[in-house]
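Trainee: I would like to learn how to read the features of a model like this one. Please take them one at a time.

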Amino acid sequence: MSTQERNKGALRRWYDDMWGKCNAELVPEIAGPKYFRHDLTGANNLMTSGQYRDIVRIGVANEKVTDFTYFLIAEGDYVASLGRYILTKGRQWDWVQLFRLENAAMAETWLPAMGGTDILAYPQPHTVWTGTELPPAPP
């Protein structure tokens with residue numbers, strides 16, 4: 001299996017099993033022991049995967065997914081994602097994100113673009129996607 005296939009597999013688990021099932025407990029299994037997050041606020045935070053699990057847990061507690069679509073592109077140790085995520089309480093996150101992986105574990109991410117309806121996404125009417133912006137997943 002190529003590096004790109006292994007890395008895309010890790011990100012599919014990240015999206016399908018962790019975000020898709022609102023299961024923050026999987027974060028330490030998918031992210032490396034140290035996770036460096038560059039987020040849309042401009043913050044650069046190096047944290048343990050356990051600390052990141054605790055942050056994610058807050059966002060998905062008592063939620064279920066009603067609609068979820070994403071697309072991945074991999075090159076070497078980098079995987080880019082484009083996606084749309086809607087939760088039961090009408091919260092919507094739309095994003096463009098880049099990950100760097102080490103040994104098929106997430107080590108670093110850049111999340112410079114996020115829209116949607118959720119307060120964490122800096123909501124504005126023009127930042128909500130309909131899902132048609134995402135290309136179909138390759139076979």
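Trainee: In which strand is the place of Val-96?

Mentor: Val-96 belongs to strand 5, residues 92-102. Helices (H or I, at least four residues) and strands (E, at least two) are DSSP runs, numbered from the N terminus. This is a predicted model, in which local features need pLDDT of at least 70, side-chain atom pairs count only at pLDDT 80 or more, and totals for chains, interfaces and linings use all residues. Residues are numbered from 1 along each chain as its sequence is written, and side-chain values use heavy atoms, with hydrogens and water left out.

Trainee: Is Val-96 buried, exposed or partly exposed?

Mentor: Buried means under 20% relative accessible area, exposed over 50%, and partly exposed in between (1.4 Å probe, protein chains only). Val-96 has 38% relative accessibility, so it counts as partly exposed. Its C-alpha atom is separated by 7.4 Å from that of Ala-80, 16 residues away along the chain.

Trainee: What is the bridge partner of Ile-73 in strand 4?

Mentor: That partner is Ala-80. Two strands pair if DSSP finds at least two bridges between them. Strand 3 (residues 65-75) and strand 4 (residues 78-87) pair in the antiparallel sense, over 10 bridges. The two strands form a hairpin with two residues between them, and Gly-76 in the turn has a positive phi of about 60°.

Trainee: How many aromatic pairs does the count come to?

Mentor: A pair of aromatic rings is described by the distance of the centres and the angle of the planes. Rings of Phe, Tyr and Trp (its six-membered ring) pair if their centres lie within 6.5 Å; planes under 30 degrees apart count as stacked, over 60 as edge-to-face and the rest as tilted. By this rule the count is 14 aromatic pairs. One of them joins Tyr-15 and Tyr-70, a tilted pair at 4.8 Å centre to centre with 35° between the planes. Tyr-15 lies in helix 1 (residues 3-19) and Tyr-70 in strand 3, so the pair ties together parts that are 55 residues apart in sequence. Both Tyr-15 and Tyr-70 are buried.

Trainee: What kind of pair do the rings of Phe-68 and Tyr-85 form?

Mentor: The pair is edge-to-face, because the planes stand at 70°, with the ring centres 4.8 Å apart. Phe-68 in strand 3 and Tyr-85 in strand 4 are 17 residues apart. Phe-68 is partly exposed, with a relative accessible area of 21%, whereas Tyr-85 is buried at 1%. Ring pairs link a cluster that includes Trp-14, Tyr-15, Tyr-70, Phe-68 and Tyr-85.

Trainee: What does the secondary structure of the protein come to?

Mentor: There are three helices and six strands, in the pattern α-α-β-β-α-β-β-β-β along the sequence. Of the 139 residues, 43% count as buried.
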